[in-house]
Amino acid sequence: MTTTTLIDGIGLLYTGDPDREEITNAALVIEDGLIAWTGPAAEAPDADERMHAGGRAVIPGFVDSHAHLIFAGDRTAEFQARMSGEPYTGGGIRTTVEATRRASEAELATHAFALVEEMRRQGTTTVEIKSGYGLSVAHEKRSLEIATALTDETTFLGAHVVPADLDADSYVRLVAGDMLEACAPYAKWVDVFCEPGNAFDGDQTREILASGLKAGLGARVHANQLTEGPGVRVACELGAASADHCTHLSPADVDALASSETVATLLPGAEFSTRSPYPDARRLIDAGATVALATDCNPGSSFTSSMAFCVALAVREMRMTPLEAIRAATYGGARALRRTDVGWLRRGARADLVILDAPSYVHLAYRPGVPLVHQVFHGGLLL
């Protein structure tokens, strides 16, 4: 038997739907885990159950389209060193690889599950999870097997860095060959950290992504984080769903993103944690590029699970308006995952929504660090 639930008394409903993005004095109806209706409360239809939001704001659940949750160990010392003036190079990834390889499957699963639950309490209802701290066939496969129990959005990131015991050419062949073959059944996406001199160059990135695409995976790219390089252009050339980081962009990079379907996913938690320059979101938005926000939750360069924190950083440090930031953290994230069932509250979308303990989503940036998530619904169920 179908049960409908009416949530009324919504002070401000941010739907994320470009056709009607905001509704004041609003209501919505949930049916069979989906959004059945949104509109002014005065026009709300009858429903089997009713819930009053008390004038609070309602937004779609956050869509975190970039996270590294399968890991063990701690890199507090590295963070402390950066805060004392040492630059971030990405080299600490191998430290996490060593700890992750030593950990048991149960330890990795328990830790990742705790992080996902931490995210959900803060309003994240869709999360992408990458491998990348195994860097061997068996360990990368194990990471993705764990991730598949936590999300449908799993990403094979065997090409995170080159492990210490292999040369780059041999490792690229392994990633594009036996490792991809073992991992593809557990992955939806393939990703490469394209950073010449620190990880993989443009040709290596293209080779690995092409193999992943041939295996039926979608493409994503860690692009232009540490330097201006080929990552964004390779991502756009191959039709990748997203180019992530986008910290150092040439005019050609911006044009490529603006003229393609590739989403520029910005990760301000990484800049916060590494004391690096923030991406220029204003430049991308004004050029017409689609922008997403994500946490980049990982133990080395962005150990935050809070999308609200990233929204606040985007407004304060990247010249985004509060509306642009909430759009990027919901609808933008869904675009980066090529999803149409999440990231907005329109009829037929999954009923993933957050009731904020605030009258507007603006408070996410206006009151940074304050726990403003009142209630979270996932698939129409109150968590």
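Start by selecting Glu 153 and Arg 339: they form a salt bridge whose closest N and O atoms are 2.7 Å apart. (A salt bridge here is a side-chain nitrogen of Lys or Arg within 4 Å of a carboxyl oxygen of Asp or Glu.) Glu 153 sits in strand 8 (residues 153-159) and Arg 339 in the loop between helix 12 (322-336) and strand 14 (353-356), so this pair ties together parts that are 186 residues apart in sequence. Helices (H or I, at least four residues) and strands (E, at least two) are DSSP runs, numbered from the N terminus. Both Glu 153 and Arg 339 are buried; buried means under 20% relative accessible area, exposed over 50%, and partly exposed in between (1.4 Å probe, protein chains only).

A word on ground rules: this is a predicted model, where local features need pLDDT of at least 70 and side-chain atom pairs count only at pLDDT 80 or more, while totals for chains, interfaces and linings use all residues. Numbering runs from 1 along each chain as its sequence is written, and side-chain values use heavy atoms, leaving out hydrogens and water.

Next, pick helix 1 (residues 76-83), which holds Arg 82 and Glu 78, four residues apart, about one turn of the helix. Their salt bridge has its closest N and O atoms 2.8 Å apart. Arg 82 counts as buried because its relative accessibility is 4%.

Asp 203 is exposed at 57% relative accessibility, and Arg 206 is partly exposed at 28%.

The structure holds 21 salt bridges.

Time for some backbone angles. Most residues other than glycine have a negative phi. Asn 25, in strand 2 (residues 22-31), has a positive phi of about 45°. Is Asn 25 buried or exposed? Exposed, with a relative accessible area of 58%. Asn 224 has a positive phi too, near 60°, and you'll find it in the loop between strand 10 (218-223) and helix 7 (231-237). Asn 224 is buried, with a relative accessible area of 1%.

Finally, zoom out. The protein has 13 helices and 16 strands, and 57% of its 383 residues count as buried. Its C-alpha trace spans about 65 × 45 × 40 Å along the principal axes.
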